[in-house]
Amino acid sequence: MAPTPLFYACAVLSLTAALLGLLALGDVGQWVVSFPRSFTYGVFRVRFPLMAVGLAGFAAALFLGLSQQTVPGWALAPYAAAFALPFFAGFLAPTYVMFRTQQHSARYVPAAEAAGHLPSDAEVLAVEIGGDARAFPSLWMLQPHVAGDTVGGEPLVMTYCGLSHLGMAYRGELGGAPVDLKVMTQLENNLVLFDSTTQEPIEQIYGRGATGGLRMEPLPAAMMPLASFQRLYPQGLVFFNPPRSVVDRQVRKMMQGQLFGKGGLHDPANPRPVFPTLRHTDPRLPPKEEIYGVDLGGQAVAFTLGHLSRQGDSVTESIGGTAITVKNFREFGFVDVFEGEVRDVDARGLLPGGGRAKRVPHASRVLWLIWVNFYSETEVRL
């Protein structure tokens, strides 16, 4: 007996819903095709009805195929796989399985304890507010991408995108209300999060809502070696997140291969991003050069380490109407940015007279090809 038209309709409906989820929210397909952001955000907003339609169509097709015996059992198995795999990869895996964020569940340990699990030169994203300091190892931030804590009385959310080599710290609020960040997907090799309360997509590099125009307040953070963080902030705490399950280990192995393996993102011999979806390229710098990006008053400037070295490790200039000092603390292996002309500031942000310089949020060691893609009008200090 041939399958009924109703069976075909239910099967097509379920597969269409699953495929839409995979193409819009699962990033694997971006190796082949790149859709407009509006398509991704549109599918995201209707993902729950889409999931319901897909599951209902799948259940109905299975029921019709089995109850009416119009489809051989062996034929239903590949259909079930064709539905389940893209449905899982698009709607469930990024948010709920592979990258479960730790905004409210992150664990922290003293810096000395973390040193027993990481090499001394491990990269960490360091935040210090009012003498209270946290470090977020980039290898431990690859998964979950988001970790939170209260630092110096501020509700801090650290975000990290391995594809961009970009860590950005934000105050954990959007439009004055607390946010609960989850992983959505990546677009143009930069992380896209969403607030589970408002369902607003948030672009990590900007900290900005995709539709409402609201922006999370950035907080200063600098990338430095773990050993430097220990020296500067011996009482500081470190985000502690070694792999805890088989899934965690496999996800991190996959990501570390893509990012740090031969031919991976951080291989100097490979000029390409992980996903071929960048809109802007710029030959002023090698694609994989790590820069320090500042965006103030509508003006974006990228500083290279070579430029800072040639200027005596300290540069003061006005960006967007604000005077800033960009300083390379060579002894500690990191660069920081401060408001005003404060060339004599030390690595802790302290001034000779006993005051404290005001740090400026910036992109610390982000890849040039990512920075220029999102700030296409950026200036460069070579």
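Predicted model: local features only at pLDDT ≥ 70, side-chain atom pairs only at ≥ 80, totals over all residues.

Student: Which residues does Leu296 touch, not counting residues up to four places away in sequence?

Tutor: Contact means heavy atoms within 4.5 Å. With that cut-off, Leu296 touches Ile319, Gly320, Thr322, Ile324 and Val360. Leu296 and Pro361 are 65 residues apart in sequence, and their C-alpha atoms are 9.5 Å apart in space.

Student: How should I read the sheet that contains β16, and in what order do its strands run?

Tutor: Strands of a sheet pair through backbone hydrogen bonds, either parallel or antiparallel. Here two strands pair if DSSP finds at least two bridges between them. By that criterion, 4 strands form an open sheet in the order β21-β16-β17-β22, with mixed pairing. The edge strands are β21 (363-367) and β22 (379-381), each of which pairs on one side only. Neighbouring strands of this sheet are turned by 35 degrees against each other on average, direction ignored; axes are lines fitted to C-alpha atoms, for helices over the stretch in contact, and angles run from 0 to 180 degrees between N-to-C directions. β16 and β21 pair in the antiparallel sense over 4 bridges, and the bridge partner of Tyr292 in β21 is Ser364.

Student: What do I need in order to describe a pocket, and how much space lies in the largest pocket?

Tutor: On a 1 Å grid over the protein atoms alone, a cavity is a set of points where a 1.4 Å probe fits but cannot get out, and a pocket is an open set with protein on both sides within 12 Å along at least five of seven lines; lining residues have an atom within 4 Å of a point. Grid points are joined across faces, edges and corners, and a volume is the space filled by probe spheres set on the points. The largest pocket holds about 570 Å³ of space. It is lined by 31 residues, of which the closest to its centre are Pro218, Pro220, Arg359, Val360 and Pro361. β16 (290-296) gives the most to this lining, with 4 residues. By class, the lining has 17 nonpolar, 5 polar and 9 charged residues, where Ala, Val, Leu, Ile, Met, Phe, Trp, Tyr, Cys and Pro count as nonpolar, Asp, Glu, Lys and Arg as charged, and the others, Gly among them, as polar.

Student: How many cavities of 30 Å³ or more does the structure hold?

Tutor: There are 2 cavities of that kind. The largest cavity has a volume of about 80 Å³, and its lining includes Ala126, Glu128, Pro220, Asp336 and Arg359. β2 gives the most to that lining, with 3 residues, and the lining divides into 9 nonpolar, no polar and 3 charged residues.

Student: How are packed helices described, and at what angle do α1 and α3 pack?

Tutor: Two packed helices are described by the angle between their axes and the distance between the axes. α1 and α3 (residues 47-67) pack at an angle of about 145 degrees, with their axes 8 Å apart. By class, the contact of α1 with α3 has 14 nonpolar, 4 polar and 1 charged residues.

Notes. Residues numbered from 1 in each chain as written. Heavy atoms only, no water. Helix = DSSP H or I, 4+ residues; strand = E, 2+ residues; numbered from the N terminus.
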